[in-house]
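Here are a few exercises to work through with the model open in your viewer. Try each task before you read its solution.

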Amino acid sequence: MTKKRKLCLLVLVFLALVGVYMGVCAWNQNEQARADTKIQITDTDGNEMKKITLNMENGEMNFEKEDGVWYDASDHDFPLNQAVMDEIADTVGSISANRKLENADEAKDYGLDVPIYTIEYTDDDGDITSVYFGNNTGDDIYAALGGEKSVYTVSGQVIESLNYTEEDLVQLDDYPSIGSGNLVKAVITQNGNSVVYDSADESQAEQITAISGGLGAVQLSETADYCADEEELPEYGLDEASKIVAEVTYKEDEKEKKLTLYIGNKIGDDRYVMLNDSKIVYLISDTICGNILNEEE
C-alpha cells in the first residue's frame, strides 16, 4: 500500500471518528434537552414524609413513619423493609411529567374523574399531596395533581415501580453461612430430651456432616406467616409444648456465635420453622429439617 493510500485511509478513519463523536454529542444534548423539559409534579424529599398511601393494581397500602422508622399503618408488627420504603418515598416525592396538556378536556375524558391509581403522601409539615392516574396513552398515563385542573402525561413506569405486593415489602431475617467447616456444636431438644452433637467428637463426624449440610441448605425465602401471634403458634407446631429446638454454635470471623431454630409441624414436603426471636414462620424442606435434626431416613 502506498503512502498516499495510507494517508487517505487515515483521513477517512479520522472523519468517521469525528462523525461518531459529533453524533454522540448530539444525542447527549437531545437527552439533556428532554430532561430539562421534564415537568416536576411532586418535589418532596423522601426523608420529609411521614405518611404514604399507595392505591395500585395490588390494592391499597398505608404506611406511616415514627421516629424515623416506617411501619405498615394497620400492623406495626409487620417486618417492613426500610430500604424499600425509602425507595418508595423517593419515587412518590419526585414524579415528573413528560408534558402538560394545553386546553385539557374534562377529567372524565382522561379517566381522572374516577382515578385508576392514587398516590398520596403527607410531609412533616402536615401538607398532603395527592396524585391521580387515569387512562393510558401509549407508554404514558394521564395524571393530575390534587387540587389542580391541569392534566399531565407521566411515564407508565411510575405505576409499575410502585405496584408492590406484601411479599415485596417484607424484611426477611438474615441467615448465616454454616457448614462443616465452621459448625462447632448443635443441641437438639424435643419432647424434653436434649442430644448434643459436638464437632470435636470424632465419633460424631457423620452426624455433624449431616447436620451442617442441613444448616447450610437453609434458605429463608418461602414464608407461611409474616407475623405469627403467640395464639397462632400451636397450629404451626411452634408453641412451647410442641416445637423442636435446634441450638447451633458456629464460628464467624473467628468468633463463636449462636443460632436457634424452632422446627414445627410438617405440611406436605415442608415444615414450619422460626428463627431466634423472629415472628416470621418459614417453610423449609422436610428433608433439610431432617438433616438438621439428624433424623434417620
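Predicted model: local features only at pLDDT ≥ 70, side-chain atom pairs only at ≥ 80, totals over all residues.

**Exercise 1.** Find which residues Gly156 touches, leaving out those up to four places away in sequence.

*Solution.* Step one: apply the contact rule, heavy atoms within 4.5 Å. Gly156 then touches Asp139, Asp140 and Ile141. Step three: check accessibility. Gly156 comes out at 15% relative accessibility, so it counts as buried (buried is under 20% relative accessible area, exposed over 50%, partly exposed in between, with a 1.4 Å probe and protein chains only).

Residues are numbered from 1 along each chain as its sequence is written, and side-chain values use heavy atoms, with hydrogens and water left out.

**Exercise 2.** Work out whether Gly147 is buried or exposed, and where it sits.

*Solution.* Start with the location: Gly147 belongs to the loop between strand 9 and strand 10 (152–155). Its relative accessibility is 87%, so Gly147 counts as exposed. Now go C-alpha to C-alpha: Ser130 is 17 residues away in sequence and 8.3 Å away in space from Gly147.

**Exercise 3.** Count the aromatic pairs and describe the one formed by Phe78 and Tyr226.

*Solution.* First, the rule: rings of Phe, Tyr and Trp (its six-membered ring) pair if their centres lie within 6.5 Å; planes under 30 degrees apart are stacked, over 60 edge-to-face, and the rest tilted. That gives 3 aromatic pairs. Next, the geometry: Phe78 and Tyr226 are edge-to-face, with 5.6 Å centre to centre and 80 degrees between the planes. Then the context: Phe78 lies in the loop between strand 4 (69–72) and helix 2 (82–92), and Tyr226 in the loop between strand 13 (223–225) and helix 6 (233–236), so the pair ties together parts 148 residues apart in sequence. Finally, both Phe78 and Tyr226 are buried.

**Exercise 4.** Say what the charged end of Lys243 sits over.

*Solution.* The charged end of Lys243 sits over the ring of Tyr262, 3.9 Å from its centre.

Notes: Helix = DSSP H or I, 4+ residues; strand = E, 2+ residues; numbered from the N terminus. Lys NZ or Arg CZ within 6 Å of the ring centre and 35° of its normal.
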